[in-house]
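Please read the notes below alongside the sequence and the coordinates. They are arranged by region.

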Amino acid sequence: MPETVKPEIAAGGRTWLLSGPTSSYALHLTEADELIHLHWGPRIELADAEALAAVPLEGRASFESRLDGREEYPAEGGPRFVRPALSVRTAGRRGTEWTFEAYETEGDELRLRFGDAGLTVVLHYRMRGDVVERWVTLRNDGDEPQELLRADSATWTLPERDGWRLSQLHGRWAAESRLVRAPLTYGEKVIGSRRGHTGHQHLPWVALDTDATEERGEVYGCALGWSGSWRIAVAQLPDARVQITGGAGYDDSGLLRLAAGESFVTPLFAGLWSDGGFGGASRTWHAYQRAHVVPDAERDRPVLFNSWEATFFDISEEQQATLARRAAEIGVELFVVDDGWFGARTSDRAGLGDWRPNPDRFPHGLKPLADQVHALGMQFGIWVEPEMVNPDSELYRAHPDWVQFQTGRKRTEFRNQLMLNLAREDVQEYLWEQLDGLLSSAPVDYVKWDFNRCFTDAGWPDDPYPQRLWVDHVRALYTLLDRLRAAHPGVAFESCSGGGGRIDLGVLSRTDQVWTSDNSDPLDRLDIQHGFTQIHPARVMAAWVTDSPNTQLNGRVSSLRFRFVSAMAGVLGVGGDLSEWSAEELAEARRWVDLYKEIRPVVQHGDLHRLRPPEGGLSAVQYVRGDETVVLAWLQAQRFGEPVPALRLRGLDPTASYECRETGEVHRGGVLLHHGLRTGLRGDLDAAVIRLRRI
């Protein structure tokens with residue numbers, strides 16, 4: 001990722017320009033303190049931005065607004081009819097009439113400060129490569145409380161084009177991150193989550209284009225960094241202009257009430273422009289996250305084994321040690337004990353909240369097992385779900401008021417559990433003491449942090465502004481993760497929420513990887529991974545090899561080869577019952593794990609090219625890092641004896657030669673793979689790994 005560049009300011013201090021290697025972002029403040037968007041797209045010079053600023057705003061008829069579709073951050077009130085990014089209520093009065101106070105720069109960050117009746121609004125901008133980061137700070141500098149009904153992170157304005165097309169990622173549990181593209185029509189398209197977490201239904205990302213392909217054409221993309229309820233609205237206005245507004249919270253019923261001296265910093269909303277098609281946009285997103293979002297992203301993520309599908313709740317120290325020995329034999333580097341190790345947790349009906357090892361299953365705590373795992377040359381990890389509690393638990397019996405609930409209403413249970421009110425300081429301190437004590441009691445290297453239900457009875461009867469729990473729960477989660485990482489810097493964290501229910505730039509800035517989906521079927525995973533990589537890099541995309549037939553979901557039978565190559569597209573894990581694998585299967589698994597370790601630096605840190613989407617027949621992805629290239633290919637079905645189609649590789653030097661390690665062939669110029677594919681792919685649900693090196 002290139003070095004960040006300081007913002008440029010025109011003479012007079014009312015036009016600002018941020019530029020990356022290939023793109024620029026410009027805005028202007030009129031003499032009437034109207035903050036106007038000027039440009040977002042190909043790189044321009046400051047003189048170009050000044051010329052755009054000199055063009056006066058066109059007048060409009062009385063039924064329209066000359067500001068709509070042009071304002072950088074529309075606030076509620078005045079001559080505006082678009083969706084407001086900011087809606088404030090003070091002493092019964094709504095709306096904002098701000099005046100500009102000052103701008104300042106610090107390093108690569110631009111800050112624009114406005115004021116209105118005691119409310120200070122600071123708009124933040126920063127360019128990271130070709131990604132523009134935006135967020136807002138709202139501070140109550142007056143005497144009266146300020147109620148934030150809506151405080152979005154940014155409004156993005158697109159240039160005038162015909163025929164915009166919207167890309168989004170939709171889904172449900174076990175079917176997350178599925179890509180869909182459709183023409184954008186007049187009006188608003190709203191996606192989001194009202195469930196208290198990011199959600200399985202949508203990832204907080206959108207992309208817009210007019211005629212882009214995978215490798216060519218302009219693409220605009222936006223991604224929100226927030227792990228609670230959220231909303232992104234894409235609006236095509238009556239004059240065909242397009243704006244994208246997004247932030248925390250789903251509706252406008254109220255986010256927070258700011259007392260005098262209090263402030264709120266909105267989550268990050270990042271955007272990019274690319275002229276390299278959807279693939280170019282994805283590679284920019286991936287490089288940005290590896291450089292500026294994901295902790296320790298330069299480190300390889302280890303091959304893990306997770307015990308869940310092998311044992312479910314029926315676990316013991318001896319049984320886990322047996323699995324650990326099998327895992328070590330096939331080359332696993334991280335052994336993870338999943339649900340069932342704590343409290344009275346013999347099923348999903350009890351134990352959540354009591355984060356102490358079950359004395360019958362682990363009579364001497366987790367340390368003896370962790371020591372055995374370390375002696376086998378592996379790291380040791382555990383599963384937790386700290387934000388939840390079972391009614392059948394010591395914690396709930398002692399503190400039934402610590403959950404979210406509405407007075408006089410039934411407490412809804414999902415998976416026999418309730419949601420702790422993490423916005424409460426006593427709950428935060430309890431979880432800190434429990435988790436810090438747990439990580440201090442045994443040599444734990446990794447924590448899988450799960451979240452297996454949505455908000456339902458989101459109430460807080462004793463609080464004067466109970467709806468704040470929607471925001472404060474997430475802020476407390478972030479604080480707790482930050483505090484644990486600081487106290488235990490050697491521990492890695494994975495974000496899980498029944499699979500892909502909490503994946504966003506916010507949680508990724510505090511975790512090392514994410515559990516992409518509870519669906520580990522290798523064929524289904526190709527679609528899920530195709531969508532996931534539109535925005536997020538392979539370096540964070542955990543994927544497991546589980547048993548066949550897939551008894552957890554669809555009963556599909558697939559070869560160990562197909563399952564491994566599917567999972568090798570991200571951070572490889574194994575989740576099958578190794579105690580039931582044959583000697584031949586274990587030996588084959590060892591070969592695949594060894595191969596993954598060879599290609600891991602390229603897969604986890606290289607540039608990703610999606611060569612063919614998983615739409616039936618052949619699909620493939622390519623990773624390029626320096627002189628090394630890796631291709632993973634999957635043949636879903638072969639019909640009528642048709643040959644496997646050739647693959648034209650991308651991102652390589654057309655003047656260089658590349659040797660294929662699988663066939664020994666030397667390719668000159670643009671590499672077209674055919675022989676290696678046709679000899680490696682022989683039937684339905686088959687897969688191949690092909691490695692090339694520049695010579």
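1. Basis. This is a predicted model, in which local features need pLDDT of at least 70, side-chain atom pairs count only at pLDDT 80 or more, and totals for chains, interfaces and linings use all residues. Residues are numbered from 1 along each chain as its sequence is written, and side-chain values use heavy atoms, with hydrogens and water left out.

2. Terms. Helices (H or I, at least four residues) and strands (E, at least two) are DSSP runs numbered from the N terminus. Two strands are taken as paired if DSSP finds at least two bridges between them. Buried stands for a relative accessible area under 20%, exposed for over 50%, and partly exposed for what lies in between, with a 1.4 Å probe and protein chains only. Contact stands for heavy atoms within 4.5 Å.

3. Sheet 1-2-3-4. Four strands in this order form an open sheet with antiparallel pairing. Strand 1 (8-9) and strand 4 (35-42) are the edge strands, each pairing on one side only. Strand 3 (residues 23-29) runs antiparallel to strand 4 and is joined to strand 4 by seven bridges. Leu 27 stands opposite His 37 in strand 4.

4. Sheet 12-19-18-15. This is an open sheet of four strands, and the pairing is antiparallel. Strand 12 (154-157) and strand 15 (187-193) stand at the edges; each has a single partner strand, so one side of each is left without a neighbour in the sheet. From one strand to the next the twist averages 15°, where axes are lines fitted to C-alpha atoms (for helices over the stretch in contact) and angles run from 0 to 180 degrees between N-to-C directions. Strand 12 and strand 19 (residues 242-248) run antiparallel and are joined by four bridges. In strand 19, Ile 244 is the residue opposite Trp 156.

5. Helix 5, buried side. In helix 5 (residues 367-375) the buried residues are Leu 369, Ala 370 and Val 373. They cover an arc of only 100° around the axis, which puts them on the same side of helix 5; the arc is that of the directions from the helix axis to the C-beta atoms. An α-helix has 3.6 residues a turn, so residues three or four places apart point the same way. The cover over the buried residues of helix 5 includes helix 4 (317-329), strand 24 (334-337) and strand 25 (379-384). Just after helix 5, Gly 377 has a positive phi of about 85°.

6. Helix 4 against helix 5. The two axes come within 10 Å and cross at roughly 10°. Helix 4 and helix 5 are therefore roughly parallel to each other, on a scale where angles under 35 degrees count as roughly parallel, over 145 as roughly antiparallel, 65 to 115 as roughly perpendicular and the rest as oblique. Helix 4 passes helix 5 in a right-handed crossing: a crossing is right-handed if the near helix is turned clockwise from the far one by less than a right angle, and left-handed if anticlockwise. On the helix 4 side, Glu 317, Gln 320, Ala 321, Ala 324 and Arg 325 meet Pro 368, Leu 369, Gln 372 and Val 373 of helix 5.

7. Backbone points to check. Ala 117 has a positive phi of about 50° although it is not a glycine. Ala 117 belongs to the loop between strand 8 (109-116) and strand 9 (119-128) and is exposed at 53% relative accessibility. Asn 416, another residue other than glycine, has a positive phi near 60° and is partly exposed at 22%.

8. Buried loop residues. Ser 393, in the loop between strand 26 (388-389) and helix 6 (394-398), is buried with a relative accessible area of 1%. Leaving out residues up to four places away in sequence, Ser 393 touches Gly 351, Leu 352 and Asp 354. Met 568 lies in the loop between helix 11 and strand 32 and is buried at 0% relative accessibility. With the same exclusion of residues up to four places away, the contacts of Met 568 include Trp 592, Tyr 596, Leu 632 and Val 689.
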